[in-house]
Every structure is written in C-alpha cells, then in structure tokens.
Amino acid sequence: MVKMLIDVDTGVDDSIALLYALNHPEVEIVGITTGCGNVDAVQAAENTVRIIELSNTKKEIPVVVGANQPLNGTWEGPVAWIHGENGVGNVLLEKGNFSYRTDIKAEDFLYEMLQKYPQELTIVTLGRLTNIAMMVQKYPESTKLVKNLVMMGGTVNAPGNVSPVAEANIAGDPEACDQVFLTGMDITVVGLDVTLKTRLRKKHVEQMETYCSERCKPAVQYMKKALEYYMNGSRVQNYTPDNCPLHDPLAMVAAVVPSIVKIQKRKARVECSGTYCRGMIVTDLREKPIEAEYISFALEVDAERAINELMSVFWRE
Ligand code: BDR
Ligand code: CA
C-alpha cells in the first residue's frame, strides 16, 4: 500500500493523475493540498473536490487550499489555452457534497499529516513546490518524517516547455524547488525527459471508453472531453496531433510502480536567476560537484507499460 499526500494545481493532467490514484486499490490518499499554476489555488481545490466526487469512489479526502503565489514574485495567471478557463478543459463538473478546507494552512496540514504517519507517506507533487518549501521553512524537522517525494517537473536532457531549458512547475517557483532539493529527502524527479515520451493517443481514450467499468463511466466520459481540449493545446504547443504527453499521470504512476522509470542519481540545484536559464535544473557530474544533494532523475520510461497501468484502474468495478 502506498500512503500518499498529494499537491496539485488541478488542470487536465493533474485530474487524470488524481483519478488514477483514487481508483488504485494499492493507494491510500491521506490528504491533498493545492497551489496556483494551471489555475489559482482555490479553483484547483474546487476542481479537486469535484474530481473526487466524480470518481465514484466515495472517498472523503481532505483538500486544503495552499499558496496562491510563488515564494518570490507573482503568479502569471491561468494556462487557459492548455487546461481551459476552469482548468479542466472547460468541462462543467458537478458540485457534490464535498468541500475544500480553508481553515488550515497547507504547510501546517502537510506537517500534521507527516506527524500522524511518520516515515509512511509518499508526497507526490504535480505542481510547483511552494507548499512543500513553506512547510520545510516552517518545520525543518518535517523532512525527516517524509518517506519519499515524487515530483512532476523539470527536465535534464529534453528541451523545456516554458523556456529553452525550464519546465513549468519549476519555472513557476524555482526558489521553492531549490530549497526542496537541498533538504536531503529521497526525491524522484519525473520530468519532461520521460513525460514527453509517454503519449496518450485517441486509441487509448477509445480503449478506456470500451472497457471501463460502470462505476468509472462518468470519470472516463469526463477524461474524453477534457482530453479533447488538452490534446488541442498540446498540438498548438508543437507536439504531434491527436495525442498528448502524460506529465502528471506518469509521475503518479511512477510513485506507485517505481520500476516503470529508470533513474539516475545526480547532485542537483535549480537556477534561480538569469535571463534564459531561470528555473533550469542544473545537475553536476563532476568529481567535485557544487554543494548539493543527490536527486533521482527519471531518464528512461517504459511508456507502454505506464499507459497500460494508468488505464487498467478504470476497468475496476
Ligand atoms: C506541468 O505543468 C502543468 O501545466 C501540468 O499540469 C504539469 O504539472 C507540465 O509542465
Ligand atoms: Ca500539474
């Protein structure tokens, strides 16, 4: 069983990652925090509770609104051309009985959960690292309570997606990621090196529709609609048509089935300044590297296995 704390900026790919985790028999989600990114932190929470409801899993998972600004600077606004105005491909999800929490700060909630389950929790981040960095700043001892952290973000060898060298989740808050990299936690980075190679195609969506269980039908119908919007955004971003890279879902799959990616450990920091390189992950292969901690980077992936793993949870009644 993988016990998880998840941090999201619920856009289309976050929502698919959440639906996978919610439906996975070996995953227990103890809490979800949100931050700005694809949408603002409140909209991300709103989307998250509606996705939980849509999953038909009857799970009551606390969803806590977190940081609406990066550590430095300001959030640039929603990424509507990829995720829609509402973050979920402009699909209107029903408002159910669940609500999100604003009575506690995300960093306090994360720490509370880690104290409750010391060394048991895998933190999966699908957005910026702001909430985690704020927890580490406020509770430095919290890092010892974390089992491991799997994050979607960054790139080592592949080109960036918001600049020549930076990926959105890191570029959105480079200082936060750098602080998290320095903690010494067991961190696995699932970045563009592997997510761009893991393509969901129209045929996969059709497969999900054909084989999904009755219970999962609403979730699969939602994914079909949201993915239409998202695939179009991916096409505009110069990817090939009729498919999209699986960013957040691959990170989530790798958190549950680590052997799906091959990792390489490197000492790494994040560039926090510069005209072209802000948000770039800098790994140092020299014998005497810069002051940094070892981070595990996913550099290869069994993409077919990852997609089959993702889809298979929707067959379950
Ligand atoms: C990452 O940025 C967001 O748009 C996606 O949800 C994903 O987490 C990809 O660069
Ligand atoms: Ca995301």
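Here are some questions and answers about how the descriptions of this predicted model follow from its computed values.

Q: What makes the protein as compact as a globular protein of its length?
A: The protein has twelve helices and eleven strands. Its radius of gyration is 18 Å, close to the 20 Å that the globule rule gives for 317 residues, so the protein counts as being as compact as a globular protein of that length. For a picture of its extent, the C-alpha atoms fill a box of roughly 55 × 45 × 35 Å along the principal axes.

Q: Which residues of α4 and α5 meet, and how do they divide by class?
A: On the α4 side they are Ala106, Glu107, Leu110 and Tyr111, and on the α5 side Asn131, Met134, Met135 and Lys138. By class, this contact has five nonpolar, one polar and two charged residues.

Q: What makes β3 and β10 the edge strands of the sheet?
A: Nine strands form an open sheet in the order β3-β2-β1-β4-β5-β6-β11-β9-β10. Strands β3 (63-65) and β10 (281-284) each pair on one side only. Neighbouring strands in this sheet are turned by 30° against each other on average, with direction ignored.

Q: How do you know that β2 pairs with β3?
A: Two strands pair if there are at least two bridges between them, and three bridges join β2 (residues 27-34) to β3, so this counts as a pair. The two strands run parallel. As an example of a bridge, threonine 34 has valine 65 as its partner in β3.

Q: Why is the pairing in this sheet called mixed?
A: In general, strands of a sheet pair through backbone hydrogen bonds, either parallel or antiparallel. Here β6 and β11 run parallel and are joined by two bridges, with serine 296 in β11 as the partner of threonine 188. By contrast, β9 and β11 run antiparallel and are joined by eight bridges; one of the residues involved is lysine 267, whose partner in β11 is tyrosine 294. The pairing of the sheet is mixed.

Q: Which strands does helix α11 lie across, and at what angle does it run to β5?
A: Helix α11 (residues 248-256) lies across β1, β2, β4, β5, β6 (187-190), β9 (261-270) and β11 (293-301). It runs at about 155° to β5, and angles over 145 degrees count as roughly antiparallel, so that label applies to α11 and β5.

Q: What surrounds ligand 1?
A: 15 residues surround ligand 1, and the closest are Gly11, Asp13, Ala168, His247 and Asp248. Helices α1 (12-23) and α6 (168-171) each supply at least two residues of this shell. By class, the shell divides into four nonpolar, seven polar and four charged residues.

Terms used:
Residues numbered from 1 in each chain as written. Chains lettered and ligands numbered in written order. Predicted model: local features only at pLDDT ≥ 70, side-chain atom pairs only at ≥ 80, totals over all residues. Contact = placed C-beta atoms within 7 Å. Helix = DSSP H or I, 4+ residues; strand = E, 2+ residues; numbered from the N terminus. Nonpolar A, V, L, I, M, F, W, Y, C, P; charged D, E, K, R; others polar. Near = placed C-beta within 6 Å. Axes fitted to C-alpha atoms, helices over the stretch in contact; angles between N-to-C directions. Rg over C-alpha atoms; globule rule 2.2 N^0.38 Å.
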